[in-house]
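Me: I have a chain to go through with you. Keep the answers brisk, please.

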Amino acid sequence: MYQDASYYSQSQQKQSVKNNSMKVARQWQINDQKAEKNGLHKAIYWVKSQTKNEDGTQKQERWVADQKYVGDWNQNKKCGFGVQYYGNGDKYEGGWFDNQRNGQGTYWVSEGKNKMRREYTGDWVNDKKTGKGTMFYQNGNRYDGVWQDDKSHGEGRMIYANGDVYEGSWFKGLRSGYGVLTKRNGDHFEGYWVNDKREGQGSYFFATKNQVFVGEWVDDMPKTGVYSEVEDPYTVKEEREKHFMDPYVLPDIPKVELQDPTNVLKESMELARKERIIYRAIHIPLDEMYSKQEMEDLALQFESASNQEHKITLINSKAIFQSMGFDIEEKILQSYLKHLQQEKYNEFEIELETFMRLVAIILESRGYDQSEINI
């Protein structure tokens, strides 16, 4: 009888433990479902981790809210519209997807207690400014246009704090391609830019002088070209007062003329371009130098000779150039490659972009002595 009672008591204890375990498990699931971030939540806080003493114990200090998010969630991730308050005082309000800023949104920068400055309004992709947007710089500049990976890239307009306006192409945050710069004083430049400087063909109109310079630009300065007067039909020229009324006979002065001025200008512009071939091949974006079809054709040529790491050697490139009808000495190719790769020079590891820029140098230097091409 005693043994039966003991067995019954043990069974009851086991059942009680089992029931309690099931209750704990069910309670954990209930709490987890409540804690799961789905839909609209009023606010979720993050706190700064407490510093530790040398013995590993926590220092006695108050918990401080570091970040706060108010908005939509989906499967424990920020998704939809939400407002994120950052620990440094900055704020973002806009679209989210997969815990990253995506879609339309505005980023605000903290500039002291209870003071914020709007920095960017526009499109976001995976936490980066990508698409169309407007940037308000701290120095007073403003950019409206296309972005890629947090940099102005594509068509856009920059309104500078000093009143100048640039409208045209951008590449990785720099003016590159065709663009128009209108200065505050009325001067006007139309032409090409490379690496944020005027480079190549361009025209500069002087507002106060009614003159225009058309020619070749190098490193943001006019190199060679033609100055000419621009007639303004709306300007009435005032007659100057004649101080000397008596006729004055000038002595014979030999006529001075530039012999063959057209050919002199042509040769001067050719020389300026030749001196900048490698510089321009290094800095001009590939899609400005080649059409889409040309880039695909070059990529096919490259892949036919590349290894498993998608790279070719200098010998491979020389063979490709020969098949294209260009017979270039190896030492000249080495010189070009050193300029392109600079401190990373390696004639056994030439990537596709470097190969395409090599082709650009060779195409642009046709008709010149290859040994005279330099930066």
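Me: Which residues in H6 meet which residues in H7?
Reply: This is a predicted model. By class, the contact of H6 with H7 has five nonpolar, two polar and two charged residues. On the H7 side stand Glu 330, Leu 333, Gln 334 and Leu 337. The H6 residues that meet them are Leu 314, Ile 315, Ser 317, Lys 318 and Phe 321.

Me: Is H6 roughly perpendicular or roughly parallel to H7?
Reply: H6 covers residues 314-323 and H7 covers residues 330-341. Their axes are 11 Å apart and the packing angle is about 115°. Angles of 65 to 115 degrees count as roughly perpendicular. Therefore H6 is, relative to H7, roughly perpendicular.

Me: At what angle do H6 and H8 cross?
Reply: H8 spans residues 352-364, and its axis comes within 12 Å of that of H6. The crossing is right-handed. H6 is oblique to H8. The angle is roughly 45°.

Me: Which residues of H6 and H8 make the contact?
Reply: The contact of H6 with H8 divides into six nonpolar, one polar and no charged residues. H8 brings Phe 355, Leu 358, Val 359 and Ile 362. H6 brings Ser 317, Ile 320 and Phe 321.

Me: Which residues touch the most other members of the largest nonpolar core?
Reply: This core holds 27 residues. H3 (277-283), H5 (292-305), H6, H7 and H8 each supply at least two of its residues. The two that touch the most other members are Phe 321 and Phe 355.

Me: Which helix gives the most to this core?
Reply: H3, H5, H6, H7 and H8 are the helices that each supply at least two residues. One of them gives seven residues, the most to this core. That helix is H8.

Me: How many residues are in the second, separate core?
Reply: Its members include Tyr 107, Val 109, Trp 147 and Leu 181. The residue count for this second core is 21.

Me: What is the phi of Asp 150?
Reply: Asp 150 sits in the loop between strand S8 (142-148) and strand S9 (151-159). At 33% relative accessibility, it counts as partly exposed. Most residues other than glycine have a negative phi. Asp 150 has a positive one, near 70°.

Me: Is Lys 172 buried or exposed?
Reply: Lys 172 lies in the loop between strand S10 (165-171) and strand S11 (174-182). Its phi is positive, about 50°, although it is not a glycine. Relative accessibility is 54%. Over 50% counts as exposed, so Lys 172 is exposed.

Me: What share of the residues in the protein chain is buried?
Reply: The chain has eight helices and 15 strands. It holds 375 residues. The buried share is 31%.

Methods:
Residues numbered from 1 in each chain as written. Predicted model: local features only at pLDDT ≥ 70, side-chain atom pairs only at ≥ 80, totals over all residues. Heavy atoms only, no water. Axes fitted to C-alpha atoms, helices over the stretch in contact; angles between N-to-C directions. Helix = DSSP H or I, 4+ residues; strand = E, 2+ residues; numbered from the N terminus. Parallel < 35°, antiparallel > 145°, perpendicular 65-115°, else oblique. Contact = heavy atoms within 4.5 Å. Nonpolar A, V, L, I, M, F, W, Y, C, P; charged D, E, K, R; others polar. Left-handed = near helix turned anticlockwise from the far one by under 90°. Core = buried A, V, L, I, M, F, W, Y, C linked by side-chain atoms within 4.5 Å. Buried < 20%, exposed > 50% of the residue type's maximum accessible area, 1.4 Å probe, protein only.
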